[in-house]
Amino acid sequence: MPKRIDIAMLVLAMIFPPASSYFHELYCHYESSDELLEKVLKDKTYDLPPFIRERAENFRMQYAYELADYCYQNGIDIISLGSEDFPHQIAEISCPPIVIFSKGKIPATKGISIVGARKADSYSLKAAEYFSSEFAKQGISVISGFANGIDTAAHHAAVENGGKTVAILGCGIDFDYPHGKGQLKEIISANGAVISEFPPLSPPKPEYFKIRNRMISALSEAVLVIQASRHSGALNTVSHALEQGKDIFVIPPRDIFSSAYAGQILLLKDGAQAAYSPKDILLSI
């Protein structure tokens, strides 16, 4: 029996851009998603930004039903903001997703995010695997972003050690990115969840990764940074985590002279805690 889908919220998620503050300013003034959707679609005098007005006027309701059917046929849940199934940690952040597409089940246990470089060196990959495996053994979910490098090393280690893990994507669940990682998505969904706020076949865009980072930190009690340059996306996740009141931990850099670790050095100088063992983090959450 398929879960009930709030079609109005699904449509609104396709009309308003991800992390839209404008949507949330409107949403709190309406008693239901149906009421807001009717206003957006039918009231041409309603004050909307031009690009949102254009999307509303060109939207075909049939597309929402086709998308809902695609998700049902492919085992993807559509979870709407405000529903009982919507993760409370994500609902509480600034500008949460209107809907989440999910395969699997987000664990009810505490979580720790592990983030870092896509082109990670052997030292950093070993650290990701070690910390992730120890968290898994202690019943802590490992949260990460499914990118190559540190993310996938953390996901693999969690599953291999009997733990739970959640992958939060910067593209649709069924889009082949990173290329050839479809089997890993299936493994994760059987041992946790793969989630995204983008429709299943949406290709990645650079801005999508920064948008999804707020959910990586939201599902975590703390964030562990492993190998980050000064311009690493991991620092964006840290910024969200700090806004959300989360603890930040950093693996000590292997080489203080290498730009590959400049982000870690910056975080440590700014007051992040050095993590020399998993216990350093586990004792704090």
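Which residues do ring pairs link into a cluster with Phe16? Phe23 and Tyr27 are the ones, joined to Phe16 by ring pairs. Before the close-ups, a word on what you're looking at: this is a predicted model, where local features need pLDDT of at least 70, side-chain atom pairs count only at pLDDT 80 or more, and totals for chains, interfaces and linings use all residues. Residues are numbered from 1 along each chain as its sequence is written, and side-chain values use heavy atoms, with hydrogens and water left out.

**View 1. Phe23 and Tyr27 form a stacked aromatic pair.** Rings of Phe, Tyr and Trp (its six-membered ring) pair if their centres lie within 6.5 Å; planes under 30 degrees apart count as stacked, over 60 as edge-to-face and the rest as tilted. By this rule there are seven aromatic pairs. In this one, the centres are 5.1 Å apart, with 20° between the planes. Both residues belong to helix α2 (residues 21–27), four residues apart, or about one turn of the helix. Helices here are DSSP runs of H or I with at least four residues, strands are runs of E with at least two, and both are numbered from the N terminus. An α-helix has 3.6 residues a turn, so residues three or four places apart point the same way. Phe23 counts as buried because its relative accessibility is 0%, while Tyr27, at 24%, is partly exposed. (Buried means under 20% relative accessible area, exposed over 50%, and partly exposed in between, using a 1.4 Å probe and protein chains only.)

View 2. Phe131 is buried at 3% relative accessibility, and Phe135 is buried at 0%.

**View 3. Arg118 has its charged end over the ring of Phe209.** The distance to the ring centre is 5.2 Å. For a charge to sit over a ring, NZ of Lys or CZ of Arg has to be within 6 Å of the ring centre and within 35 degrees of the ring normal.

View 4. (The expected span is 1.5 Å times one less than the number of residues.) Look for Ala64, Leu67, Ala68 and Cys71, the buried residues of α5. After α5 comes Gly75, with a positive phi near 70°.

**View 5. Cys71 is in no disulfide.** A disulfide is a pair of cysteine sulfur atoms within 2.5 Å, and a search of the whole structure finds zero of them. For Cys71, the nearest cysteine sulfur is that of Cys171, 14 Å away. Cys171 is in no disulfide either, and its nearest cysteine sulfur is that of Cys71. Cys71 is buried at 1% relative accessibility, and Cys171 is buried at 1% too.

**View 6. Helix α8 is mostly covered.** Nine of its eleven residues (150–160) are buried, among them Ile150, His155 and Val159. What covers them includes β3 (111–116), α7, β4 (141–144), β5 (165–168), α9 (182–190) and β7 (222–226). Ala158 is another of the buried residues of α8, and its C-alpha lies 5.2 Å from that of Ala136, 22 residues apart along the chain. Ala136 is in helix α7 and is buried, at 7%. Beyond neighbours within four places in sequence, Ala136 is in contact (heavy atoms within 4.5 Å) with Ala158, Asn161 and Gly163.

View 7. Most residues other than glycine have a negative phi, and most peptide bonds are trans. Cys95, in the loop between α6 (88–91) and β2, has a positive phi near 50°. Phe146 also has a positive phi, about 65°, and is found between β4 and α8. The peptide bond from Tyr177 to Pro178 is cis, with omega near -15°; Pro178 is in the loop between β5 and α9.
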